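Below is a short note for a colleague who is meeting this structure for the first time. Please read the points with the sequence and the coordinates open beside them.

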Amino acid sequence: MGRKQQCFLRTFGCQMNAKDSEKLRGILRETGFSLTESEDADLVLYNTCTVRENANLKVYGHLGYLSNLKKKNPRMIIALCGCMMQEPDVVAKLQKSYRFVNLIFGTHNIFKFAELLYAVLEGQRKAEQMMLPEPSGAAAAAEETPPISQRHTVVKTPMIVDIWKDTNQVVEDLPADRTYSFKSGVNIMYGCNNFCTYCIVPYVRGRERSRRPEDIIREIEQLSADGVIEVMLLGQNVNSYGKTLSNSVSFAHLLEMVEQVPGIRRIRFMTSHPKDLSDELIEVMKRSQKVCRHLHLPLQSGSSRILEKMNRRYTKEQYLELAAKLRREIPDISLTTDIIVGFPGETEEDFQETLDVVRQVRYDSAFTFIYSKRTGTPAAAMEEQVPDDIVKDRFQRLLGLVQEISQKMAKRVEGQTLPALVESLDDHDPALMTGRLSNNLLVHFPGTEDLIGQIVDVRLTTCKGFYYLGEMA
């Protein structure tokens, strides 16, 4: 086409998807694409999420917009990947109603992206050549085949679908185009073996597969050499890291190994499952100078009865004991959580148990969700689905309590001077910088752009509930 091809990549979902998108961007750059902020591009790639129904609806909405763009630019390539593509019903719907999509692949074969994209381009080229008129006689000798960029007739090419149901592979050394120069996510494991009854992750991400510790450390050493000072270790359940390795290594021991990498100054991780959080991990966090004082510990429900229906494998009492131990051993720790409202069979009494846990643990923040039925999970077939009006009322009551407690918890450090990793310019005031504290809360303070990527001491002058205003000490 006589110019560099442009690609637009949109990421839906969690940190795991964000990390996958960095790999996809790396592959795109190595195959010659440049990235653009406009969806009116040569290639549009959506890395999808399916943890809730709303995530799917967003993708379908965006595809409706893309269909109009593709009518104006028939050579546009539309590709979909990620968790949503691992659902057979979704793929069937796309094949029936969204025939303009060119490529569908899933979570297990990202490393094949360049190969799949090449197959799409080859299909387009061959289809267009078939549409050219066949010249004859003297005309054939004089006429040259016009380049693709000058042709106006484009035929539809078959949709390429390459979905792997599962895999035991861990593919190392994929190229990556990082979002930040100074911090990075690092996959330590893939998949999940927990099979919570509401959750579709084991079906779309597969079973647990831990990376070898030497591969993880090698990647972090390379990141450090490239200027990264903060890493976030990623897994669906980091506390079960190492169980699939021939020489098992605990997550706590892996943290100690990462702490020894020169240049790394902060270590975060996401996500912990309460049933697997060990005393060894608490002890490592307690004495570490690099592991951040923040732990995300999903509750999901405060009712032991509902927790059993969810297959969470802990009780309300066990969770409260664990949270109390964390607060006792690491007094400055920030605890955050996930809570689902309206799980099938949830009664007002069950909901009150959840509110009781929130009051006792006093979370620094919480992600609160209305239960979303996911086809293929055991909970989707459960009876006693809770009426929408009751769920919405409970959700608002929970949200109000969480916000009230979170604001009070944030006041604990008001007036203190704490180190903050400067991440960006403030979204609303270019005279301010935005930094992230060890407890994961943000502080906005006067500064200059050259501070980005540095850890600076900031005095937290004013607590605004969910963030701070401050000034450099």
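This is a predicted model: local features need pLDDT of at least 70, side-chain atom pairs count only at pLDDT 80 or more; totals for chains, interfaces and linings use all residues.

1. The secondary structure of the protein amounts to 13 helices and 19 strands. For its 473 residues the globule rule gives a radius of gyration of 23 Å, and the value for the model is 25 Å, close to that figure, so the protein is as compact as a globular protein of that length.

2. On overall dimensions, the C-alpha trace spans about 90 × 55 × 50 Å along its principal axes.

3. The surface and the charges can be taken together. The accessible surface of the protein is about 21,900 Å², and carbon and sulfur atoms hold 50% of it. The protein carries 60 positive and 62 negative charges, and the mean position of the positive set lies 2 Å from that of the negative set.

4. How many disulfides does the model contain? The count comes to 0, when a pair of cysteine sulfur atoms has to lie within 2.5 Å to qualify. For Cys 14, the closest cysteine sulfur belongs to Cys 83 and is 6.4 Å away, which is too far for a bond. Cys 292 is likewise in no disulfide, and the cysteine sulfur nearest to it, that of Cys 463, is 19 Å away.

5. A last point concerns Thr 462, which is placed in strand 18, a strand made up of residues 455-463. With a relative accessibility of 31%, Thr 462 counts as partly exposed. Leaving aside residues up to four places away in sequence, Thr 462 touches Glu 414, Tyr 467, Tyr 468 and Leu 469. If Thr 462 is set against Gln 15, the two are 447 residues apart in sequence, and their C-alpha atoms are 30 Å apart in space.

Terms used:
Residues are numbered from 1 along each chain as its sequence is written. Side-chain values use heavy atoms; hydrogens and water are left out. Helices (H or I, at least four residues) and strands (E, at least two) are DSSP runs, numbered from the N terminus. The radius of gyration is taken over C-alpha atoms; the globule rule is 2.2 Å times the number of residues to the power 0.38. Accessible areas come from the Shrake-Rupley method with a 1.4 Å probe; for residues, only the protein chains shown count as cover. Lys and Arg count as positive and Asp and Glu as negative; His and the chain ends are not counted. The place of a charge is taken as NZ of Lys, CZ of Arg, CG of Asp or CD of Glu. Buried means under 20% relative accessible area, exposed over 50%, partly exposed in between (1.4 Å probe, protein chains only). Contact means heavy atoms within 4.5 Å.
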